[in-house]
Amino acid sequence: MQSKQPQLRLLTAAVSLALLAAAGHAAAQDADTGKLESVIVTANKRAQNLQDVPASITVLNDAVLQRANVRDLEDIPALSPALTLSYGTQPGNFSINMRGIGTFSLGIGVEADVAVIVDDVPLGMQAGAFKDLADVGRIEVLKGPQSTLFGKSSIAGAINITTKPLGGPWKTNATSYITNDDEWRVGFSTGGSVSDTLRVRLAASKTNYDGTLNDLTTGKKLNGSKGDNLSGKLEWQPLDQLTLTLTPHYNRTEKFCCSTAFTSMTPGALYRNAPQLPPSVVLSGITIGPDNRSVRNDYPTGGKFHDAGTGVKLDWAFDDNSPLKGHTLSSISSYSSYHMDDYQDNDNTDVDILPFLLLPNGQPTGMHGGLYQYGFFDVKSTTQEFRLTSPDKGAIRYVAGLWYGKNALTRELTKAPLIQAYGTSYGADAWNVSKAVYGQGSWDFRPDTSLILGARYNLEDTGYNFRRYTVPPQSFALTEFYTKADTDKSTTGKLGLEHRLNKDTMFYAMASTGHKGKAYDLTSGFTAATAKLPAVAPETAKSYELGWKQSLLDNRAMFSLALFRTNFRHFQQSSSFFDDDGTYRTGLNSIGGLRTQGVELEGSWRVTRGLQLNGSFAYTEATIQEFENGPCYNVLNAAGTAGVPGPGCALSAKYNNTYVQNLAGKTLPNAPKVKVNLGAQYDVTLPYSFNGFVAGSTRYQSRTQFSLNQDPNTIQGAYNIANLSFGVKDKQDRYKVTFLVNNLFDKRYAAGLNSAIANGTWSPKAPNTPIAVNTTEWLPPRDFQRYFGARLDVTF
């Protein structure tokens, strides 16, 4: 899927010049300038001004989230160049990637590389983050290893989410949103001060989006979602020194995701080599081509999940008579329960295919129907943290704490109905219990220079149970059982230097290490031989970062620049392949070494009180340094009759005489080298009871390889997406009406690409005429085409 790169470069340049020209014109016309608002973050588990934090951080506040109509975490990569998102068949397989780094796995025995924290509570499973971001006030994208403060699952970074604050007079907000392609949302929140000691907030929302693909069988759309969200926040201060904060939540979401549509298929293909099943039958009514968005599924694909839980935070502020004057002691407890039922149409057709398929012994199946799978994820998480925070003044400032966390995960999966021939039925439990002590602080050994030190010692107990079952029509019985437990001890640290040249200029240098615990490949491919192997080795990281933060024009402009390099060892990554019988399988790899390095630049300029420009740029090289047994992709043989391993692939006696390729020097999947975001908002003062505004943004992404095996057919070309919005708002901030056009120039691109040659599903073999069948598929993203929308926000 190649893009017209010269046109994209011209478009990016044109938008940039237009924004700068508009800025210059506005500056000339309006001398009444304002300043940028201070941005407060909690990246170091203490409230700090963003410009004072020696780290590369992207902050998305409430205004930015509203302006971009952010609904859930899938919208964030469009606003942060450091982030990308890799999709699986349901949220349990999604992967958040930071600076090109993110673990993709279908099993529950592997942690994520990017942690998601909501109001000081980390999620037990990353899948729990893919729901509506209701009542969110700020999102901080923390880049690079965060293991010292946030522990497990943050070896590549963290996304720190904070809900809206409490306080002030009672206020109620309502919002509604609708688009021309059948997306709608409604939201409601109310809260404020009940008394001098009690503040509350309640928020609810409901969303729906039908999707991007057309299911010709059901007449419905696929790859959409719908959800209901309810959250609360209560803050009670019974004593001057004691504050209790309670944050309960409940969410119910269904994602019809993530089906792909065929974009090409070699003529002459037969489904499972059955003469009765050509594409004209199996894919009836579907015109296969680059823009195809039609499928035939008679079984749903996606996941339906709900989660509920609460956080409880107690803050004790020591008074002036205490030896710990100015310090705060916090207790943060949480419990959450997450359950998802997932399902997938494995044959991508509504045809009665089973009578035409053969078992491995060559006999007919004697059955009717199709191929599908179903299962569930279940996650129970409990955390407890005790934290001591020093005053944010004086020569020494620090935070120290004790941590306990327990996650219990269960996975059940059944592939039906030809499980003996084409699938499996298994169940797995995985658990991890973490105990840690940590601390991080700054020492101003000179008035303008600080030393930053941090360390964490972590003890983690992990293990699993794995069960395989008989399947219908046999009576249910346990056929295999394996269990294992491990202990992992680790120490991570941070060492840095911060120098303030003056009140507007800060430079820093930081070195840090990261650690992610042992992993288990608990998927359908798990075997007795696998069970005898040791756990996949822990993943480790060493990171170095240089940064410069600058305020300009009397705080009307600012920018931050960061240069980074992070080396990973034993990176845990799953890869996928098709067996000769067409069964889709995955395997967990421990990649010996990889590196991500690059430069990041972010800036804002408040040109006038009405005009503000924002921009961000990331250049990232995420490359494999050591992986000699990497997965292969297929190419056509010389005769064009079969698929054979591609260039660089060879049989290896070292790896059980299987085909492997050395991937050293190759890029990681879904890790574009260049991402650019530019945006502007202009507020227009009108002589009426309302004011106007107009906002525009554009984002550019360079070519992207979606496959670890480096298949050239899974490369998404560079693209540029532009959005435009405008509207009016009441001068008393009582209402705002917004109209928007997303993907203004109707640029088509994919969020995922698949390719296969002679994978067994569409590969005629003897006695039929042997040919090699090449199929390609694409996953259209939410904004794969232009759409229009309108939003109404009311406050009373």
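Is valine 694 buried, partly exposed or exposed, and what is its relative accessible area? Valine 694 is partly exposed, because its relative accessible area is 35% and the classes are set as buried under 20%, exposed over 50% and partly exposed in between (1.4 Å probe, protein chains only). The model is a predicted one, in which local features need pLDDT of at least 70 and side-chain atom pairs count only at pLDDT 80 or more, while totals for chains, interfaces and linings use all residues. Residues are numbered from 1 along each chain as its sequence is written, and side-chain values use heavy atoms, with hydrogens and water left out.

Valine 694 belongs to strand β34 (residues 690–701); strands here are DSSP runs (E, at least two residues), numbered from the N terminus together with helices (H or I, at least four residues). Together with Tyr682, Val684, Leu724, Phe726 and Phe739, Val694 makes a nonpolar surface patch of about 470 Å². Two or more residues of the nonpolar patch come from each of β33 (674–684) and β37 (719–730). Patches take residues with over 30% relative accessible area and no salt bridge, joining nonpolar side chains (Val, Leu, Ile, Met, Phe, Trp, Tyr) within 5 Å and like charges within 9 Å. A salt bridge is a side-chain nitrogen of Lys or Arg within 4 Å of a carboxyl oxygen of Asp or Glu. The areas follow the Shrake-Rupley method with a 1.4 Å probe, and for residues only the protein chains shown count as cover.

Two strands count as paired if DSSP finds at least two bridges between them. Strand β6 (residues 114–118) meets β7 in the antiparallel sense over two bridges, and isoleucine 117 has proline 122 in β7 as its bridge partner.

A further open sheet has three strands in the order β15-β40-β39, with antiparallel pairing. Here β15 (261–265) and β39 (752–757) are the edge strands; each has a single partner strand, so one side of each lacks a neighbour in the sheet. Between β39 and β40 (residues 774–779) there are six bridges, and serine 755 stands opposite threonine 776 in β40.

Some backbone details lie in loops. Cysteine 257 and cysteine 258 are joined by a cis peptide bond with omega of about 5°, and cysteine 258 sits in the loop between β14 (242–255) and β15. The bond from alanine 766 to proline 767 is cis too, with omega near 15°; proline 767 is in the loop between β39 and β40.

Aspartate 182, although not a glycine, has a positive phi of about 75°. Aspartate 182 is partly exposed, with a relative accessible area of 41%. Glutamine 710 likewise has a positive phi, near 70°, but is buried at 15%.
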